[in-house]
Amino acid sequence: MTGPERTCVGCRRQRPQPDLIRLGLEAGRVRLARPGSTGRGAYLCAEPACLEAAGKRRAFARAFRGPAAVDDVFVAAFVQACVERKVVR
Ligand SMILES: [Zn+2]
């Protein structure tokens, strides 16, 4: 089965969309996308290293075409999401 592929904004690798964590923007801050949410999104592998790489490359501002702050709330939520992915698989 093949599905749509998306590019991780951290490592720039293309992966099947279900393998990536979708991100959205809320009031200028990067957040995990809510299920079913629409609009501009960005994708990261379920790897904290990819979040770090994306931050260093200012990839979020590019992906969202504007200011996109990465704060502690998002980092904590993303790391938790990574842990949950690993438990499921
Ligand atoms: Zn990645």
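This is a predicted model: local features need pLDDT of at least 70, side-chain atom pairs count only at pLDDT 80 or more; totals for chains, interfaces and linings use all residues.
Leaving aside its neighbours within four places in sequence, which residues is Arg40 in contact with? Residues are numbered from 1 along each chain as its sequence is written, and side-chain values use heavy atoms, with hydrogens and water left out.

**View 1. Arg40 and its contacts.**
Arg40 sits in the loop between β4 and β5; strands here (E, at least two residues) and helices (H or I, at least four) are DSSP runs, numbered from the N terminus. Beyond four places in sequence, Arg40 is in contact with Arg22, Leu23, Gly24, Ala63, Phe64 and Arg65, where contact means heavy atoms within 4.5 Å. Arg40 counts as partly exposed because its relative accessibility is 47%. The scale behind that word: buried is under 20% relative accessible area, exposed is over 50%, and partly exposed is in between (1.4 Å probe, protein chains only).

**View 2. Ala42 in strand β5.**
Ala42 belongs to strand β5 and, at 3% relative accessibility, counts as buried. Not counting residues up to four places away in sequence, Ala42 touches Val9, Ile21, Arg22, Leu23, Ala63 and Phe64. Gly24 is 18 residues from Ala42 in sequence, and the two are 6.6 Å apart in space, C-alpha to C-alpha.

**View 3. The open sheet.**
Three strands make an open sheet in the order β4-β3-β5, with antiparallel pairing. β4 and β5 (42-45) stand at the edges with a single partner strand each, so one side of each is left without a neighbour in the sheet. From one strand to the next, the twist averages 40°; for such angles, axes are lines fitted to C-alpha atoms (for helices over the stretch in contact), and values run from 0 to 180 degrees between N-to-C directions. Strands count as paired if DSSP finds at least two bridges between them.

**View 4**
Strand β3 (residues 20-26) and strand β4 (residues 29-32) run antiparallel and are joined by four bridges. Looking across the pair, Glu26 stands opposite Arg29 in β4, and Gly24 stands opposite Arg31 in β4. Two residues lie between the strands of this hairpin. Ala27, in the loop between β3 and β4, has a positive phi of about 50° although it is not a glycine. Ala27 counts as exposed because its relative accessibility is 82%.

**View 4. Arg65, another positive phi.**
Arg65 is not a glycine either, yet has a positive phi of about 55°. Arg65 is in the loop between α2 and α3. With a relative accessible area of 66%, Arg65 is exposed. Arg65 also turns up among the contacts of Arg40.

**View 5. The zinc site.**
Cys8, Cys11, Cys45 and Cys50 coordinate the zinc ion through their SG atoms, at 2.3 Å. Donors are N, O and S atoms within 2.8 Å of the metal (3.2 Å for Na, K and Ca), and water is not among the atoms, so sites may look incomplete. The four donor atoms subtend angles of 104 to 114° around the zinc ion, which makes the arrangement tetrahedral; for four donors, that label asks for all angles between 85 and 135 degrees. Along the chain, the donors follow the spacing C-x2-C-x33-C-x4-C. Cys45 counts as buried at 3% relative accessibility, and Cys50 counts as buried at 7%.

Searching the whole structure turns up two aromatic pairs. Phe60 and Phe74 are edge-to-face, at 6.4 Å centre to centre and 85° between the planes. This pair links distant parts of the chain, as Phe60 is in helix α2 (residues 59-64) and Phe74 in helix α3 (residues 72-88), 14 residues apart. The rings of Phe74 and Phe78 have centres 5.9 Å apart and planes at 35°, so that pair is tilted. Rings of Phe, Tyr and Trp (its six-membered ring) pair if their centres lie within 6.5 Å; planes under 30 degrees apart are stacked, over 60 edge-to-face, and the rest tilted. Phe74 and Phe78 are both in helix α3, four residues apart, about one turn of the helix. Phe60 and Phe74 are buried, and Phe78 is buried too. Together, Phe60, Phe74 and Phe78 form one aromatic cluster.

Methods: Four donors count as tetrahedral if all angles lie between 85 and 135 degrees; four count as square planar and six as octahedral if opposite donors are over 155 degrees apart and all others between 65 and 115; anything else is irregular.
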